[in-house]
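Q: Could you take me through the aromatic residues of this model and the nonpolar core around them? I would enjoy a close look.

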Amino acid sequence: MKRLNGMDAMLLYSETPNVHTHTLKVAVIDASKFDGEFGFDAFRRTIARRLHLLEPLRYRLIDIPWRLHHPMWLPDCPVDLDLHLRRVQVPAPGGRRELDEVIGQVASVPLDRDKPLWEFYFAEGMADDRFALIGKVHHTLADGVASANLLARLMDLAGPVQNERDEPPESCNPPTRAQLLRSAQLDHLRNAAELPGLLADTARGVKRLRERARQRRSNPDLAKPFNAPPTFLNHVVSPVRTFATATLSLAEVKETAKHLGVTFNDVVLAVSAGGLRELLLRYDGRADRPLLATVPIATDKSADRVTGNELGGLMVSVPVHIDDPLRRVALTSEATKRAKENYDLLGPNLQARFLEYLPPPFAPALFRAQSKRADHNRLMNVAISNVPGPRQRGHIGGAPVSEIYSVGVLSAGSAFNMTVWSYVDQVDIAVLSDDHTFKDTHEATDAMVHAFDELRSACGLPRATPVLTAMTPATCDRD
């Protein structure tokens, strides 16, 4: 048995009818040159033979009596693949737009808490002999790093996996009520003993942060903490999800970063700023204040970790109010450096440590009330993630994976989450929103591509070239 840590528990408690906390992982499979017949049966065999390698998919959630502590994971539970593996048809003509619509439909339905918290959808009917694996996994099970490692175990990254087997172990013996209560009591005593140290670390972190703030020169072009402005992206989130994707060349993004002397992540955030500026001008008629973005950062990047949430978050100013793309890059770089420094000064694990004390009896009701009323989140406007994916071409059931898209969750009062996943030689962009935000969510991915072209033009570099290994772009219709 393994207890959910505070971050895991928060992601469980914060799920409401309109704010779902499952994540999506989408692998597009190109079977056009596959030697043999590829389909659902081959996919199912792959999952069945590797299920013992995908430990979190065999976890079942166990609640503590009277909610006296965070729930626990019961490992090695039997899995009904007929329930968890589903087929879905992509409507004609079976391109990027049609697949994205299906993914949005899958994302709109929350997972059943009484079963292992994941579902895989096998998408058929796509053009050019393509298929897609749509993985819906509860964020409580795995963060971005753990999900990437889990996906690597599912794919053949360096030839076929040698330790496949048909049946995983199935012990799954639930503990007694007395055992659950005894374990909860011991954990509470441990947390009580650690609380004075946590409070002392917090005081030291706040002191360091204030001293550094006094040393810095103020910059009016950077957003102030807890002062995210209202925008069309910020409203009470609906239960319906929309999804859009696009692909850029990894080499061209790296080339742009090298030319500007900034990091890959700086380019991602600066392109996000340019894209969001275009959207704000279209929908709000103005983009006159910087936004605040939450940018997840992993605290445990181990290649062996396939479960749990070991992460914190940077609060980064996004200079959407700046018209000059080169100036946006400079401001983004400065904002990111300050955010990282603030995070380190305060204490990288401080947030996760405080979440251990989240009260299980009251937290779900508080999150539910917030999700119903939150039409403006002063902490953040948008969520932006940058995940380094596999550099090797993966295979599922022997067929190559041509693209990988990943996205996290929407937060109360924020209907925009963008995840950039680098894979082999491309950068795969995914945007998650709801049906009350965009006329067409591909407006968002289009805006990101436009912003990247604008930035390369400002650098004197050629426009972005199409990525031939990816699906044909799905441009939006704004009429």
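**Aromatic pairs and the core**

A: Phe34 and Phe38 are an edge-to-face pair, because their ring centres are 5.7 Å apart and their planes stand at 80°. This is a predicted model, in which local features need pLDDT of at least 70 and side-chain atom pairs pLDDT 80 or more, while totals for chains, interfaces and linings use all residues. Residues are numbered from 1 along each chain as its sequence is written, and side-chain values use heavy atoms, without hydrogens and water.

Phe38 counts as buried, at 8% relative accessibility (buried is under 20% relative accessible area, exposed over 50%, partly exposed in between, with a 1.4 Å probe and protein chains only). One aromatic cluster takes in Phe34, Phe38, Phe40, Phe43, Phe122 and Phe131.

Phe43 also leads us to the largest nonpolar core, of 53 residues, where Phe43 and Phe120 touch the most other members. Such a core is a set of buried Ala, Val, Leu, Ile, Met, Phe, Trp, Tyr and Cys residues joined through side-chain atoms within 4.5 Å. Phe120 has contacts (heavy atoms within 4.5 Å) with residues including Phe43, Ile47, Leu57, Leu133 and Leu154, leaving out those up to four places away in sequence. Apart from this core lies another, of 49 residues, with Leu222, Phe232, Leu233 and Phe452 among them.

Conventions
Phe/Tyr/Trp six-rings, centres within 6.5 Å; stacked < 30°, edge-to-face > 60°.
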